[in-house]
Structures are given as C-alpha cells and as structure tokens.
Amino acid sequence: MTSEATLDVEFCRQHFPALGGDWVYMENAGGTLVPRQVIDRTAHFMANCQVQPGEGYEASILAAERISEGRSVLAAIINADLDEIVVGPSTTSNVYVLSQALRPLLAAGDEIIVTNQDHEANVGAWRRLEAKGMVIREWRMNGETDDLELEDLEALLTERTKLVCFNHCSNIVGLIHDVKAIVARIHEAGALACVDGVAFAPHRRVNVKDLDVDFYLYSPYKVFGPHMGVLYGKRELLSLLASQSHYFLPEDDYQRRLCPGGLNYELTAASAGIGDYFEQVHERHFSGANVDARERLNQLFGLFAEHERALSGAIEVYLTSKAGIRLAGRGGAARRERVGVFSFTVDGRDSREIPEALRAHKIGIHADDFYAARCIDALGARPQNGVVRVSLVHYNAAPDVDRAITALDQAI
Ligand SMILES: Cc1ncc(COP(=O)(O)O)c(C=O)c1O
C-alpha cells in the first residue's frame, strides 16, 4: 500500500483484548488499552527471565536483552538515542527527579516559567524550587483561545530566565503547540525548554531531535504500553545533571543516576510489545515498503493522525453546535490543530453527571480536573467539578463515536 493508505481500524482493534467486549473506551487520555503483544511480553519476561539481569547465565542474559529491547522501543517512539532516555516510574516522578538534578545549574534569583495550562506534573516540582530561591513566573492561558500564546511568553522572558516548562498539548484543551518555534524562541532568550509530551505522544509522531527540545517527557501507559514514564534529555545536558542516586554509579549512566531505585524490569521489557504491535500495523498498511524504522513510525503515526482527525470532526461538530456546551479550546481551534481530546462543561450541570449517564450506554468517559487543576480554574470549570473529557485514539472506530454522540445527546 502507499502513503494514501487509510487505517484498518478493525485490524488494529483485534490486537487489543479489552476491545473484545461491548464497552466503548473514550478515556484514553487517562491511559490507553494495551495490545496483546505488550501483555505477552510481560508474561514472557515474568515466566522466563525475572532474574537479576547482566549476569552470565542464560535467564540473566535474556533479561538484559529484553530490557534493552524495551528501552530501544521507548526511545524510538520519540526519535531519541538510547543513552538519552531515562525510563522511570512515571512522568510526575521523572519531572521531580529532573527538578532536583537541575538544581546545581540554577542560582537564587534565576527564573523558571511554568504554565497554568499544564498537568501539575510539569508545574509543581518546578514551583517548589521557589523555596530554594528560584523565581517562578506563570505563562497564562489566553481567555479567548484557552491556549498558550507565544506573545504572552515573550513578555515573561528575561535575562534571568533559565527554564521554560510547557506542554506539547494540554490533556484538557488538546490544541497542539508549535513546540519547535516556541523552543527556538526560548533558546534565543538563553533558556532551556522542558516539554510535557504526555498528552501528545499517543496521537502524533514525536521527533525530539527536530523539535530541538532540551527535555521531553511522555508516559508509555498512554501510548499503548505499561505504567511508566520516559524522560528524554539532550546528552550534553544529562551529563551536567546531579545524580539522584548512589554516588558510585558511572557518570554516564544517566538511566541509573536519574532513576533512583532502578527501572521496572518486566514493564520496560514489555514495552517492546508496543514496537511489535506498531510493526504489525505498519506491515498491514505498507507491506513491502523499503523504509527504515524511523520512517515506519512516521508513516504509522501519519495513519493514526488521519484516522483521529476523521473521528474528531464528528465530535467537534456536535460539541460546538449543541446549545449549552462550552468546549475548552473552541476559540483557539481555528488557529491550531487539536489531538482527539475534547473537554467541556454543560451549563447548569455538575460535570460528573455526564459520565454517570454514559455508563448506562457502556461508554467509559470521566469528569475531573485530571490533575490540571490550574487549567480547570482558568477555564472557570471548578464550580462544575471539572470538565467532562472525551478522548480518542486510533483504535476508536466511527461507530464508537456515533454511540457516544447519541448517548451524550440524551444525557445533556
Ligand atoms: C499531560 C499530562 N502530563 C503528565 C501526566 C502525568 O503522567 P504520570 O501519570 O506518568 O505521572 C499526565 C497524566 O495524566 C498528563 O495527562
């Protein structure tokens, strides 16, 4: 097939055991389902090589190989090199470790910019450095677009700005930021950029090299894998960070220095299953294409994106045409593309009522602040106990969306 291929959703769905029932899962921004390949790899590791890796005996050699395969896939997903990623327990934990590891590079009075749109994972750990003398500034969402605008960042950048922490797209608003342009501006100002890609990575191809980000984070459990977090850092920066683990660990072993306690062996190994799944989907659509692994991922995410765009159109039309619904990011959508994440409130309703009503239709969605409490406050959604969120990924099919829209329409 050629690049004009459209996603064979049924083929994809067959790989996800959880999709065998009659529930529709649309809380994917909270965590995605996993394909059989990930489950099998977990079971295989635990059954065959749940031993200390790195020794000369058979099971130990196998364990090390499997862990390495998993790390390779996790790096490839964002086009990072193997020695530039740290696999940790979660993004929240990885940002916390990074914030501590960066401290020796920061002096009292240095400025760090965080946003009021981000998940707290990329905010709180930085804000807490205020107690160590750093000055925290807030890049606020624009009230009309519900989004982060570059001109507002411009006004905050000073000679003392050392770091800007923002998201590739928000887990609430979903509009995609021009990270490359923002990072270029941050570098021009002499600062570093730390980008939370958790809400973006399931939907579009990430290329940390092209974006030129200094630090980038994503969580494999939102990209069809197990519960973990991945931190990318430019090699030259990782070498400057203070170890957060045992003093005797090798200087260039960033994985161990920045993941105190070590990574989860079985789940890291299982992550190679994401790669197995991606390869199968690629083979199905581009069989015989003579392209390298990087290009295969580009093609695959191109397919996912096209499919998601088609599904998102119907949801967006419904949420913007139905009276009484306030869709987050509606104002910014004319200027920016959105991943398949839609958050909204309904006039006069507690947001929690809507997922409850959809449960009767066997549709799994959720209402909350989704740990982006500052974003919820900025949107004015606190009195309604947060927003209702509908989030799609490539394994959602058109009938899922039809069912969700019908059910929403009855509930609202
Ligand atoms: C945008 C975003 N950033 C960060 C996180 C935190 O990720 P983790 O659960 O791996 O700490 C989440 C989780 O929902 C998220 O949606």
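Predicted model: local features only at pLDDT ≥ 70, side-chain atom pairs only at ≥ 80, totals over all residues.

Biologist: How do the residues lining the largest cavity divide into nonpolar, polar and charged?
Modeller: The largest cavity has a volume of about 40 Å³. Its lining consists of Asn-28, Ala-29, Val-198, Ala-199, Pro-202, His-203, Lys-222 and Val-341. Sorted by type, the lining residues are five nonpolar, two polar and one charged.

Biologist: Which residue has a side-chain N or O atom 2.5 Å from an oxygen atom of the ligand?
Modeller: The residues surrounding the ligand include Thr-91, Ser-219, Tyr-221 and Lys-222. A polar backbone atom of Thr-91 is 2.9 Å from a ligand oxygen, and a polar side-chain atom of Ser-219 is 2.7 Å from a ligand oxygen. The 2.5 Å distance belongs to the side chain of Tyr-221.

Biologist: Is Asn-116 buried or exposed?
Modeller: Asn-116 sits in the loop between strand 3 (111–115) and helix 5 (124–127). Its contacts beyond four places in sequence include Trp-139, Arg-374 and Ala-378. The relative accessible area of Asn-116 is 7%; the cut-off is under 20%, so Asn-116 counts as buried.

Biologist: Which residue has its backbone nitrogen 2.8 Å from a polar atom of the Asn-116 side chain?
Modeller: Glu-138, Trp-139, Arg-140 and Met-141 are among the residues that Asn-116 touches. The backbone nitrogen at 2.8 Å is that of Met-141.

Notes:
Residues numbered from 1 in each chain as written. Heavy atoms only, no water. Helix = DSSP H or I, 4+ residues; strand = E, 2+ residues; numbered from the N terminus. Buried < 20%, exposed > 50% of the residue type's maximum accessible area, 1.4 Å probe, protein only. Polar contact = N/O pair within 3.5 Å; in protein donor to acceptor, adjacent residues only side chain to side chain. Contact = heavy atoms within 4.5 Å. 1 Å grid on protein atoms, 1.4 Å probe; cavity = no way out; pocket = protein on both sides within 12 Å on 5 of 7 lines; lining within 4 Å. Points joined across faces, edges and corners; volume = space filled by probe spheres on them. Nonpolar A, V, L, I, M, F, W, Y, C, P; charged D, E, K, R; others polar. Near = heavy atom within 4 Å.
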